[in-house]
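Here's a quick briefing to read with the sequence and the 3D view open side by side. Take it topic by topic, and find each spot on screen as you go.

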Amino acid sequence: MPLTRTHRRAGAAALAATLVAALAAPGVPAYAANPIVTNIYTADPAPLVVGNTMYIYAGRDEAATGVNNFVMREWRVFSSTDAANWTDHGARANIGTFPWAGADAWASEVEERNGRYYWYTSVNGNGPGWMNIGVAVGDSPLGPFTDAKGGPLISDSTPNSSGLNIDPTVFTDDDGQAYIYWGGYWGPRAAKLKSNMIELDGAVVTPTGLTNFWEAPWMFKRNGLYYMIYAANDTNGCVTNSNYACQRYATATNPLGPWTHRGVVLDQVSSTTNHAGVVQFNGQWYMVYHNANAPGGGNFRRSVAVDRLYFNADGTMQKVVQTTTGPPPNPGGPGGPGQPPAGTNLAPSATASTSHVSAWESLGAVNNGGVPANSQDRSNLAYGNWPQQGTQWIEYTWPSARSVNRVATYWFDDNQGIDLPASCQVQYWNGSSYVAVPGQSACGVAGNTYNVTTFNTVSTTRLRLSITSRPGLSTGVLEWMAFQS
């Protein structure tokens, strides 16, 4: 049974009725709640962040009340600049996008490469076999999208294909190598993609370590570690009835595994299927998924929801709390007081190190994607270097050079031995030593805010924040962001 993705919940019945009228046409803002849209049913959401906008690509459930089967003919796009209020851009691809296909617009995902957007879809071809994976391409996140191959990328004729070729997830690593994972009926599969993004590069492999995999993989990377979330339907801590599914996750140090199972990150939802994606946006991590919570919803009339996701200091994922309210607005930048600046934050993909961290604090706090409420906020962990005084440092290292021209620092102040610093400086590794970044603006030391420091673009594998304390005190950081130029 394939997983799908829907939209966000309206709340009270009277408000839901108002929304149906308001959302009748694409381009109208949707209400900020879970599910995110209620005038239609949607499923299998795939998030994508481009600049200051989060997009969600989702299939549409069209089954009538009482129809116990998937009726899906198109894929829709929704966007938000704050992860709470969503705009419906309508159907941007459908079965007709692929002349060789005939039915079943199931789970999909969009991946950007060199300014083009590749939409990987699960669709039923007209040839032998059942489900295939197709690829459409467009020059913007909203398309228009056209068939990129003239035939399926993956089908039953692909050597070592899955028992059900659905639910593609595509990930491009820091070195530019792209990977595709897919599969259903307990059959995960993976392969490299060529740089053209529409051909497999080598043999299809069977990943190991994805305990109780059923379908719906989603791959991403954080702090140099690869994460795979996926639907499982076992009754060993996942669900009480195997007709339903939870989201388990595994980690690996190589994009093709082997994987190590870590646990459940999303419990059973109100629909039998459970399909999710993970993305970082404006400094906060989010999980998008679907349920049956929209008015009139059901197992074949699902709706997309969005909630916040948090990581522990050791890189494990906290279980997502499913809400009916959705996340609070997180606009970032100007117009979003207290929110992280907008832009591509490179910090989560870096390895952090420091001159000293207190035994009871966590270096992992500096790039775990937390959004502090104030400088005393410990809810997303805190880095502190007590009892050290004078000049200390934190540092980011990437496996290959990154172009950086801005950082944002949120200082930690515990009103005890850790206080706001006297001064700070941003430095980079020039190949032989650390030097100050050129054209550096003032390195701010204010509390309860993101202190943004700009400088001329540098290309480096290592970036350092040098921090000088006030006399008799130590210093700390809640979040340190580094932005791609």
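Let's start with a bond: Cys-424 and Cys-443 are joined by a disulfide, with an S to S distance of 1.9 Å. Keep in mind that this is a predicted model. In case the term is new, a disulfide is a covalent bond between the sulfur atoms of two cysteines.

**Disulfides**

- The torsion about the S-S bond of Cys-424 and Cys-443 comes out at about -115°, so this disulfide is left-handed.
- Cys-424 sits in strand S23 (residues 423-429), while Cys-443 is in the loop between strand S24 (434-436) and strand S25 (451-468), so the bond ties together parts that are 19 residues apart in sequence.
- Both ends are tucked away: Cys-424 is buried at a relative accessible area of 14%, and Cys-443 counts as buried at 16%.
- How many disulfides does a search of the whole structure find? It turns up two, and the other one links Cys-238 to Cys-246, S to S 2.1 Å.
- The Cys-238 and Cys-246 bond has a torsion of about -120°, so it's left-handed.
- Cys-238 is buried at 7% relative accessibility, and Cys-246 is buried at 0%.
- Count the bonded cysteines along the chain and the pattern reads 1-2, 3-4.

**A three-strand sheet**

- Three strands make an open sheet in the order S10-S11-S12, paired antiparallel.
- S10 (169-172) and S12 (189-193) are at the edges with a single partner strand each, so one side of each has no neighbour in the sheet.
- From one strand to the next, the twist averages 20°.
- S11 (residues 178-182) pairs with S12 over five bridges; look for Tyr-179, whose bridge partner in S12 is Lys-192.

- The largest pocket holds about 1300 Å³ of space.
- It's lined by 38 residues, and the closest to its centre are Val-49, Glu-111, Thr-172, Thr-344 and Gln-484.
- Several strands give two or more residues to that lining, among them S2 (41-50), S10 and S26 (476-484).
- Which strand gives the largest share of the lining of the largest pocket? That's S6, with five residues.
- By class, the lining of the largest pocket splits into 17 nonpolar, 13 polar and eight charged residues.
- The second largest pocket has about 200 Å³ of space.
- Among its 16 lining residues, Arg-222, Asn-223, Ala-313, Gly-315 and Gly-364 are the closest to the centre.
- The lining of the second largest pocket has seven nonpolar, seven polar and two charged residues.

How values were computed: Residues are numbered from 1 along each chain as its sequence is written. This is a predicted model: local features need pLDDT of at least 70, side-chain atom pairs count only at pLDDT 80 or more; totals for chains, interfaces and linings use all residues. Side-chain values use heavy atoms; hydrogens and water are left out. Two strands pair if DSSP finds at least two bridges between them. Helices (H or I, at least four residues) and strands (E, at least two) are DSSP runs, numbered from the N terminus. Axes are lines fitted to C-alpha atoms, for helices over the stretch in contact, and angles run from 0 to 180 degrees between N-to-C directions. On a 1 Å grid over the protein atoms alone, a cavity is a set of points where a 1.4 Å probe fits but cannot get out, and a pocket is an open set with protein on both sides within 12 Å along at least five of seven lines; lining residues have an atom within 4 Å of a point. Grid points are joined across faces, edges and corners, and a volume is the space filled by probe spheres set on the points. Ala, Val, Leu, Ile, Met, Phe, Trp, Tyr, Cys and Pro count as nonpolar, Asp, Glu, Lys and Arg as charged, and the others, Gly among them, as polar. A disulfide is a pair of cysteine sulfur atoms within 2.5 Å. Buried means under 20% relative accessible area, exposed over 50%, partly exposed in between (1.4 Å probe, protein chains only).
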